[in-house]
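This report looks at a helix pair and at some backbone features. Please have the sequence and the structure in view while reading.

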Amino acid sequence: MAGRKPNRQLLARPPHIGRRSRRENELWFAPPLPGWPGWRTRLGRSGFDPIDYRLELAHMWGVLLREFFTFRFRSRNPIVLIVLLWIGLGLSSHLLTLLPVLTTRSNVIFDRRVVIDGWLLFSFLLDGLYFVIGAVILANVAKNMNNLMEPLFKLLELDVNDSPAIEQCATLLVEGFKEHWPDSWPDMESARREVREMLAGDRICRIAIDRAGNVVGWIGGIPEYDGHVWELHPLVVKPDQQMQGIGRMLVRDFEQEVKRRGGFTLMLGTDDEDSMTSLANADLYRDTWDQIAEIENLKGHPYEFYRKVGFTIVGVVPNANGRGKPDILMAKRVG
Ligand SMILES: CC(C)(COP(=O)(O)OP(=O)(O)OC[C@H]1O[C@@H](n2cnc3c(N)ncnc32)[C@H](O)[C@@H]1OP(=O)(O)O)[C@@H](O)C(=O)NCCC(=O)NCCS
């Protein structure tokens, strides 16, 4: 029956679609609660959308209580955690209000000469309940504080024997480059070959992993000019984890590694095969440096990312990937 379905499905369905029980109708069409901030309870809404229906409000509380009592509440927002800390302390300290009563009556209670009166018992139960709720909130806060201390991502060297991680790096190459550079690593075979080549002893091959141990980014480096210059190749971040600072973290770490090995310069070539910049389809033999100085990013080309992490455009290779498809050369001083 529609009314017995789990709330999640119920809430995901717009109120005007499908058959509903009478109770559901009452809930959906009950006076709305405009402007109440709440959780995402329906598809396509953010956590900051107002709550429109009582059902959403009830669902929000239900979810919140379930997450608290199963210790699965997650937040990295320090303001949320501080507010919860105060609430938890406030609730759990309720029991202290009974202390004066207890100290005056303890002798009679523990001697069992007096039956505890009803009012005292009620206070005990109520404050006990507050204490439990407060303690649960505090435990959740402590768990989240602990998570806050742990970094979201870790950087480490890719181990030549770590086949699952190697496979994940290969998948990142195929997935990360297929939209704008489909010929770079068109299949898993070519991507696996690339990862294996980058694992050669004289190269740099480092990965970013999330807390579950999954590879979310990968960076490689090849020494050139007797190790004075290191070519950054390749760099890729898992598509659904981009724009979170992983790329910047990998480049910074790479730079430290190059410095440690005595290098002076990072170099890279970033191709424009998909008319992503104003340098594509242009005559790069005329006013070359003016064109480079006035480069425009038309479709989110990564040269802009590299600029943000300290690289400078030091040249361009016209038609490197076919007519009108240049390679943009960039470099960064190490140290
Ligand atoms: C390019 C790439 C590695 C960037 O990694 P990322 O983790 O998304 O980047 P970050 O979150 O560290 O971004 C750092 C800064 O660069 C900016 N940036 C990232 N990618 C960008 C892009 N494609 N265009 C413009 N700016 C970009 C971010 O907005 C951020 O700017 P801010 O410091 O002002 O906030 C990633 O987008 C990727 O893997 N792309 C597909 C493969 C690729 O292009 N590799 C490089 C080929 S040479």
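In which loop is the place of Phe 71?

## Positive phi values

Phe 71 has its place in the loop between α3 (54-69) and α4 (78-92), where helices (H or I, at least four residues) and strands (E, at least two) are DSSP runs numbered from the N terminus. This is a predicted model, in which local features need pLDDT of at least 70, side-chain atom pairs count only at pLDDT 80 or more, and totals for chains, interfaces and linings use all residues. Residues are numbered from 1 along each chain as its sequence is written.

Most residues other than glycine have a negative phi. Phi of Phe 71, however, is near 60°, and that of Asp 226, in the loop between β5 (215-224) and β6, is near 55°. Phe 71 is exposed, with 12 other C-beta atoms within 10 Å, and Asp 226 is exposed with 8 (buried means 20 or more such atoms, exposed 12 or fewer, and partly exposed in between, with C-beta atoms placed from the backbone).

## A cis peptide bond

The peptide bond leading from His 233 to Pro 234 is cis, with omega near -10°, and Pro 234 is found in strand β6 (residues 229-237).

## Helices α7 and α8

The axes of α7 (residues 163-177) and α8 (residues 188-198) come within 8 Å and cross at roughly 120°, the axes being lines fitted to C-alpha atoms over the stretch in contact, with angles from 0 to 180 degrees between N-to-C directions. Residues in contact (C-beta atoms, placed from the backbone, within 7 Å) include Leu 173 of α7 and Arg 192 of α8.

Terms used: Contact = placed C-beta atoms within 7 Å.
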